Amino acid sequence: MTYVVRAFGLWNGFSSDVVEAVNASLRESLISSGMIWAGSMEGKELVALDFDHTIIDANSDTYIAKLAPGGMIPEEIEALHKPDGWTKYMQQVFLFLYQNEVQPQNVLDCLSEISFTPGMRELLLLLSSSNRFEIIIISDSNSMFIDHILKVGQVAHTVSEVFTNPAYFDQSGRLHVKEFHVQDRCTLSSKNLCKGEILQLYIKKRSSEGIQFCRTAFIGDGNHDFCPCLQLSVNDLIFPRIGFSLCRKLSRNPEMIKAKIYPWASGFDIKDVLF
């Protein structure tokens with residue numbers, strides 16, 4: 001809000017103290033009149049991230065296949081693997097691991113081995129240290145995996161909300177996963193999770209709570225990350241990971257994108273743009 005007086009060209013000849021005093025007075029007047037929300041002029045920014053191959057440097061779902069006998073998932077289960085039916089496939093993978101006496105602690109220990117993508121843990125900590133940013137995760141992984149890995153990495157506190165497929169261990173130790181939702185409107189997304197819809201609904205919800213984001217940044221890597229990119233405006237930012245399918249898809253469809261695109265190789269690249 002430093003530039004309100006200057007924007008009207010009235011500041012020439014006045015000291016900086018006078019400019020700041022008038023700005024402060026104008027700000028309070030706008031807030032008291034209800035014309036603006038008290039926090040809107042600070043420029044709150046939303047940062048939405050994918051999880052697998054974005055925050056972490058692996059696919060958490062496929063990583064646990066190493067727990068299967070011989071480190072292999074049977075062909076009849078692999079045959080269930082479809083781009084739009086990932087959750088049903090993982091349900092059968094989890095059942096197979098359970099039938100082969102893989103214990104919950106084995107699964108959690110396996111997940112703990114996964115490394116964060118270079119610079120990504122540092123990015124999350126830096127973003128969360130500033131009141132300027134709000135962080136959410138939108139992922140086709142599952143809640144059990146994401147929650148555990150964030151806690152192991154000591155970054156769970158940095159994330160405001162996680163949108164993913166709900167998962168839990170039952171009393172016998174079997175891991176279950178359910179669809180986040182079931183949709184057939186978006187052909188760019190999986191049936192169980194449309195990231196673009198989730199992003200839009202979150203921004204709308206926060207707006208109803210008095211939080212207006214001045215800018216949204218989406219960070220991802222895969223084909224299913226293309227849909228949320230289509231929801232972004234000229235003020236927003238897209239960060240596709242170099243060498244992954246989202247980067248290639250964006251380069252093939254530049255006419256569909258309004259937001260600025262910044263390919264990245266590490267979280268430090270993203271930090272340099274956001275800060």
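Good morning, colleagues. Please bear in mind that the model under discussion is predicted.

I begin with the protein as a whole. Its secondary structure consists of 12 helices and eight strands. The chain has 275 residues, of which 47% count as buried. As for the contacts between residues at least 6 apart in sequence, 65% join residues at least 24 apart.

I turn now to the helix pair. Helix H7 spans residues 120–128 and helix H12 spans residues 267–274; their axes come within 7 Å and cross at roughly 30°. Because angles under 35 degrees count as roughly parallel, H7 is described as roughly parallel to H12. The crossing of the two helices is left-handed. On the H7 side, the contact is made by Met120, Glu122, Leu123, Leu126 and Leu127, while H12 contributes Gly267, Phe268, Ile270, Lys271 and Leu274. By class, the residues of this contact are seven nonpolar, one polar and two charged.

Finally, let us consider Tyr168, which lies in strand E4, residues 167–169. Leaving aside residues up to four places away in sequence, Tyr168 touches Met144, Arg174, Leu175, His176 and Lys178. Phe145 is 23 residues from Tyr168 in sequence, and the C-alpha atoms of the two are 9.5 Å apart in space.

Thank you for your attention.

Methods. Residues are numbered from 1 along each chain as its sequence is written. This is a predicted model: local features need pLDDT of at least 70, side-chain atom pairs count only at pLDDT 80 or more; totals for chains, interfaces and linings use all residues. Side-chain values use heavy atoms; hydrogens and water are left out. Axes are lines fitted to C-alpha atoms, for helices over the stretch in contact, and angles run from 0 to 180 degrees between N-to-C directions. Helices (H or I, at least four residues) and strands (E, at least two) are DSSP runs, numbered from the N terminus. Angles under 35 degrees count as roughly parallel, over 145 as roughly antiparallel, 65 to 115 as roughly perpendicular and the rest as oblique. A crossing is left-handed if the near helix is turned anticlockwise from the far one by less than a right angle, and right-handed if clockwise. Contact means heavy atoms within 4.5 Å. Ala, Val, Leu, Ile, Met, Phe, Trp, Tyr, Cys and Pro count as nonpolar, Asp, Glu, Lys and Arg as charged, and the others, Gly among them, as polar. Buried means under 20% relative accessible area, exposed over 50%, partly exposed in between (1.4 Å probe, protein chains only).
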